[in-house]
Amino acid sequence: MPAVSITGSQFTVTYNSVAVTAQVVEGTITATPSITRTKTLSETDFSLTDLVHEVDVSFLYDEEDGFHGAVNTAAIAGTGVVVVIVGGDAKWTGTVYCTGLEVTFAADGVAMSSGTFIGSLTLADNP
């Protein structure tokens with residue numbers, strides 16, 4: 001099957017019902033499985049005991065009433081929120097918790113935000 005190239009601007013991130021597309025600059029989804037190794041008399045057994053996803057998203061700072069505000073509110077409350085990440089024909093959905101939120105300002109006047117989230121996501125075709 002031929003590879004399909006998806007540009008970053010084709011991704012939409014919805015966090016706590018706030019959707020952003022054009023202002024997302026960069027993102028990463030990392031899946032980390034926990035594997036348990038059990039030695040038996042005849043062989044070694046490997047089993048998945050947990051699967052944790054980490055999501056890192058960098059986006060344009062949009063103050064308290066946009067994406068940054070939604071992330072900040074959930075981070076302060078310590079609550080998990082539903083995230084939907086759509087890119088091309090793929091969609092990741094699940095509940096994540098904010099583990100870090102950062103705002104940076106550069107000399108050129110463009111402020112950026114970045115957030116780190118941990119939770120469980122499901123990957124499926126985008127309907």
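Two strands count as paired here if DSSP finds at least two bridges between them. I start with that because the hairpin I will come to, the one of β5 and β6, is described in those terms. The model is a predicted one.

First, the overall layout. The protein has one helix and seven strands. Reading from the N terminus, the elements go β-β-β-β-α-β-β-β. Of the 127 residues, 26% are buried. The accessible surface is about 8,000 Å², and carbon and sulfur atoms account for 55% of that. If you take contacts between residues at least 6 apart in sequence, 59% of them join residues at least 24 apart.

Now the sheet. The seven strands make an open sheet, and the order across it is β2-β1-β5-β6-β7-β4-β3, with antiparallel pairing. At the edges are β2, residues 18–20, and β3, residues 24–39, each of which pairs on one side only. From one strand to the next the twist averages 30°.

Strand β1 pairs with β2 over three bridges, in the antiparallel sense. In that pairing Tyr-15 is opposite Val-18 of β2. Strand β1 also pairs with β5, again antiparallel, over five bridges, and there Val-13 is opposite Ile-85 of β5.

That brings us to β5 itself. How many of its seven residues are buried? Five of the seven are, so β5 is largely enclosed by the rest of the structure. Strand β5 pairs with β6 over seven bridges, antiparallel, with Val-81 standing opposite Val-96 in β6. This is the hairpin I mentioned: two residues lie between the strands, and Gly-88 has a positive phi near 65°.

Which residues of α1 are buried? They are Phe-67, His-68, Gly-69, Ala-70, Val-71 and Ala-74. As a general point, an α-helix has 3.6 residues a turn, so residues three or four places apart point the same way. The cover over the buried residues of α1 includes β1, β2, β4, β5, β6 and β7. After the helix comes Gly-78, with a positive phi near 70°.

One of those buried helix residues, Phe-67, also belongs to an aromatic pair. The structure holds one such pair.

Is Ile-29 buried or partly exposed? Its relative accessibility is 31%, so it counts as partly exposed; the buried class stops at under 20%. Setting aside neighbours within four places in sequence, Ile-29 is in contact with His-53, Glu-54, Val-55, Ile-85, Trp-92 and Leu-121. Ile-85 in that list is the β5 residue that stands opposite Val-13. As for Trp-92, it is 63 residues from Ile-29 in sequence, with the C-alpha atoms 9.3 Å apart in space.

Technical notes:
Residues are numbered from 1 along each chain as its sequence is written. This is a predicted model: local features need pLDDT of at least 70, side-chain atom pairs count only at pLDDT 80 or more; totals for chains, interfaces and linings use all residues. Side-chain values use heavy atoms; hydrogens and water are left out. Helices (H or I, at least four residues) and strands (E, at least two) are DSSP runs, numbered from the N terminus. Axes are lines fitted to C-alpha atoms, for helices over the stretch in contact, and angles run from 0 to 180 degrees between N-to-C directions. Buried means under 20% relative accessible area, exposed over 50%, partly exposed in between (1.4 Å probe, protein chains only). Contact means heavy atoms within 4.5 Å. Rings of Phe, Tyr and Trp (its six-membered ring) pair if their centres lie within 6.5 Å; planes under 30 degrees apart count as stacked, over 60 as edge-to-face and the rest as tilted. Accessible areas come from the Shrake-Rupley method with a 1.4 Å probe; for residues, only the protein chains shown count as cover.
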